[in-house]
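This report walks through one protein chain, from a single residue out to the whole fold. Have the sequence and the coordinates open while reading.

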Amino acid sequence: FNKLKYFKSNYKKILLDREYRVFWGVGIVSLLTLVYFLMPTFYNKNLIQNEIKNQILKNYNINLKFNEEIYYGLLPKPHFFTKNLSIIKDGKELGNSDVLKVFIGLNNLFKINKISMSDLIFHKTDFNLYSEDLIFFQNLLKIEPNENNINFKKSNIFLRNDNDELLFINKIDKSKFFYDSKNLQNVLV
């Protein structure tokens, strides 16, 4: 209790002491950095969902249907993620993804309408495709070049014929769509 009385009587002196200035400076900078990175947790989830959906449709020509709420994650880098997502083309569901992660740039975390997406990761996606639906992957190769990647991890492609019979199953451990700046073209690896 003696130390508490000393601190109470010498409060201003202790706060302005040189030894504590560095501590308070580092503490304030750390707190402001944490607040900056956690700003997207307070955004309206419906607005973020619509913004992400519109940007993916505009940039990659992929129409998405969010079946569950979207969440914000900080590590390993800031991203939004959702579970149980449908990939739609011409009103027909092509695939169902267990998890979609949309990584975002660090420069505009305060502006909801100006969130810049960097990479997309579709995890455990099951594609139910017919022969006319294979153009979905060809269209990904024809999108306008950008520095962002689309990754499919631990996914499956179920190719069916017109009678809805299963022709083959193709497992995808890791697949990546990206722009190759040396050859000046989009590449699927």
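Where is the place of Leu 120? Leu 120 sits in strand 5. This is a predicted model, and every value below is computed from it.

Is Leu 120 buried or exposed? Its relative accessibility is 1%, so Leu 120 counts as buried, the cut-off being under 20%. Sequence neighbours within four places aside, Leu 120 is in contact with Ile 56, Tyr 60, Lys 101, Val 102, Asn 149, Ile 150 and Asn 151. Ile 104 lies 16 residues from Leu 120 along the chain, and their C-alpha atoms are separated by 9.3 Å.

## The chain as a whole

The chain has five helices and eight strands. In sequence order the pattern is α-α-α-α-β-β-β-β-β-α-β-β-β. Of the 189 residues, 35% are buried.

Take the contacts in the chain with a separation of 6 or more: 54% of them join residues 24 or more positions apart.

## Aromatic pairs

How many aromatic pairs does the structure hold? There are four aromatic pairs. In one of them, the ring centres of Phe 122 and Phe 152 are 5.1 Å apart and the planes meet at 20 degrees, so this pair is stacked. The cut-off for stacking is under 30 degrees. Phe 122 belongs to strand 5 (residues 117-130) and Phe 152 to strand 6 (residues 149-160), so the pair ties together parts 30 residues apart in sequence. Phe 122 has a relative accessible area of 0% and is buried. Phe 152, at 1% relative accessibility, also counts as buried.

Phe 152 has another partner. Phe 127 and Phe 152 form an edge-to-face pair, at 5.5 Å centre to centre and 70 degrees between the planes. Phe 127 is in strand 5 and Phe 152 in strand 6, so this pair ties together parts 25 residues apart in sequence. Both Phe 127 and Phe 152 are buried. Phe 122, Phe 127 and Phe 152 form one aromatic cluster.

## The largest pocket

The largest pocket holds about 150 Å³ of space. Which residues line the largest pocket? They are Gln 55, Lys 58, Asn 59, Ile 115, Ser 116, Met 117, Asn 146, Glu 147 and Asn 148.

By class, the lining has two nonpolar, five polar and two charged residues. Helix 4 (residues 45-60) gives the largest share of the lining, three residues.

## Backbone exceptions

Most residues other than glycine have a negative phi, and most peptide bonds are trans.

Asn 61 has a positive phi, near 60 degrees, and is not glycine. Asn 61 lies in the loop between helix 4 and strand 1 (63-66). Its relative accessibility is 56%, so Asn 61 counts as exposed, the cut-off being over 50%. Lys 124 also has a positive phi, near 55 degrees. Lys 124 is found in strand 5. At 40% relative accessibility, Lys 124 counts as partly exposed.

The peptide bond from Leu 75 to Pro 76 is cis, and its omega is near 5 degrees. Pro 76 is in the loop between strand 2 (70-73) and strand 3 (79-89).

## Leu 38 in helix 3

Leu 38 is part of helix 3 (residues 18-38). Its relative accessibility of 31% makes Leu 38 partly exposed.

Which residues is Leu 38 in contact with, leaving aside its neighbours within four places in sequence? They are Tyr 72 and Leu 74. Leu 38 and Pro 78 are 40 residues apart along the chain, with their C-alpha atoms separated by 9.0 Å.

Key
Residues are numbered from 1 along each chain as its sequence is written. This is a predicted model: local features need pLDDT of at least 70, side-chain atom pairs count only at pLDDT 80 or more; totals for chains, interfaces and linings use all residues. Side-chain values use heavy atoms; hydrogens and water are left out. On a 1 Å grid over the protein atoms alone, a cavity is a set of points where a 1.4 Å probe fits but cannot get out, and a pocket is an open set with protein on both sides within 12 Å along at least five of seven lines; lining residues have an atom within 4 Å of a point. Grid points are joined across faces, edges and corners, and a volume is the space filled by probe spheres set on the points. Helices (H or I, at least four residues) and strands (E, at least two) are DSSP runs, numbered from the N terminus. Ala, Val, Leu, Ile, Met, Phe, Trp, Tyr, Cys and Pro count as nonpolar, Asp, Glu, Lys and Arg as charged, and the others, Gly among them, as polar. Buried means under 20% relative accessible area, exposed over 50%, partly exposed in between (1.4 Å probe, protein chains only). Contact means heavy atoms within 4.5 Å. Rings of Phe, Tyr and Trp (its six-membered ring) pair if their centres lie within 6.5 Å; planes under 30 degrees apart count as stacked, over 60 as edge-to-face and the rest as tilted.
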